[in-house]
Amino acid sequence: TDTHLDLVALVVEEGKVYANRETYVIKVREITLPEGRSAAIDEAVQLIVYPPDAAIENPDPVFPRFAYGDLLKIHGQLEIPASASNPGEFDYRDYLSRRGIYTQIAVYPAAVEQLAAGQGNRLLHGVYGLKSRVKQAMGQTLPPDTRHLLQALWFGEQSGLSLEERDIYQRTGLIHVFSVSGFHVGFLLLLALFIGRVLRLAAGVKIGLALAMLLFFAAMVGFAVPVMRAVLMAALGLAAHYWHREKNLVSALALAAILILLVNPLGLLPGD
């Protein structure tokens, strides 16, 4: 963290666009120190890209500069994320560490070179590609305020909402609808079952359609823990209905929690 270096890294999550910066989770493959010594590495890092003039804010953020699967070469200096300075304050360092990220690198666009594109998981490319096309269609047909509201509702992306709007939604108790969770999964499940009923699909096919739609949505929002909890509980409920077994909400919740914590024990802790 005390020297500038070069990183070769893969973008492993969809980027987030804010008014004055873009953030990405990258997986570093190779690191090169100033003296020219290189080493292979496998480490997650938070990449922050500021506009050329940090004092100029983008009033209408739309798309990130880089996409999932882009291979980047970055020149900059690694930093330890800032920690909370007061008790009870949001601790960004703690939040990143729960995601396995312990350092960040903040640069301007000129310090980032795109080496390749289209790497990574093909299924995730398809998911993020469809999401990008939906957002692009929104950008072409809707005014900014409406587009930002729909993106917050559908994808949980609150970066387009102003501080004043967030304050209004918090004071009216509506801010929770912008956090992807069981609320969204429940509506999507009802839609999937309705489609299956209209098309007169067999029970097994209808359940398969519902699970496919739920998993697709979970991938689109980055497999957030609340969404995966709801998807697992929905899958257990559908399985119980299909095999004519008794439905038990508490058992479904407990099994979903066990499965999530087996994959990610830190999922027990609060996220963003």
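A crossing of two helices is left-handed if the near helix is turned anticlockwise from the far one by less than a right angle, and right-handed if clockwise. Helices themselves are DSSP runs (H or I, at least four residues), numbered from the N terminus. The model here is predicted, so local features need pLDDT of at least 70 and side-chain atom pairs count only at pLDDT 80 or more, while totals for chains, interfaces and linings use all residues. Residues are numbered from 1 along each chain as its sequence is written, and side-chain values use heavy atoms, with hydrogens and water left out.

Let us start with a pair of helices. Two packed helices are described by the angle between their axes and the distance between the axes. Axes are lines fitted to C-alpha atoms, for helices over the stretch in contact, and angles run from 0 to 180 degrees between N-to-C directions. Helix α2 (residues 122-141) and helix α3 (residues 144-155) have axes that come within 10 Å and cross at roughly 155°. That makes α2 roughly antiparallel to α3 (angles over 145 degrees count as such). Their crossing is right-handed. Where they are in contact (heavy atoms within 4.5 Å), K131, V134, K135, M138 and G139 of α2 meet R147, L150, Q151, W154 and F155 of α3. By class, this contact has five nonpolar, two polar and three charged residues. Here Ala, Val, Leu, Ile, Met, Phe, Trp, Tyr, Cys and Pro count as nonpolar, Asp, Glu, Lys and Arg as charged, and the others, Gly among them, as polar.

Now turn to helix α7 (residues 225-242). Its 18 residues reach 26 Å from first C-alpha to last, close to the 26 Å expected at 1.5 Å a residue (1.5 Å times one less than the number of residues). Which residues of α7 are buried? They are V227, M228, A230, V231, M233, A234, L238 and A240. What covers them includes α5 (182-198), α6 (203-220) and α8 (249-263).

The axes of α6 and α7 come within 10 Å and cross at roughly 175°, and the two are therefore roughly antiparallel to each other. Among the residues that meet are I207, L211 and L214 in α6 and V227, V231 and L238 in α7. This contact divides into 15 nonpolar, one polar and no charged residues. Just after α7, H244 takes a positive phi of about 55°.

Methods
Buried < 20%, exposed > 50% of the residue type's maximum accessible area, 1.4 Å probe, protein only. Parallel < 35°, antiparallel > 145°, perpendicular 65-115°, else oblique.
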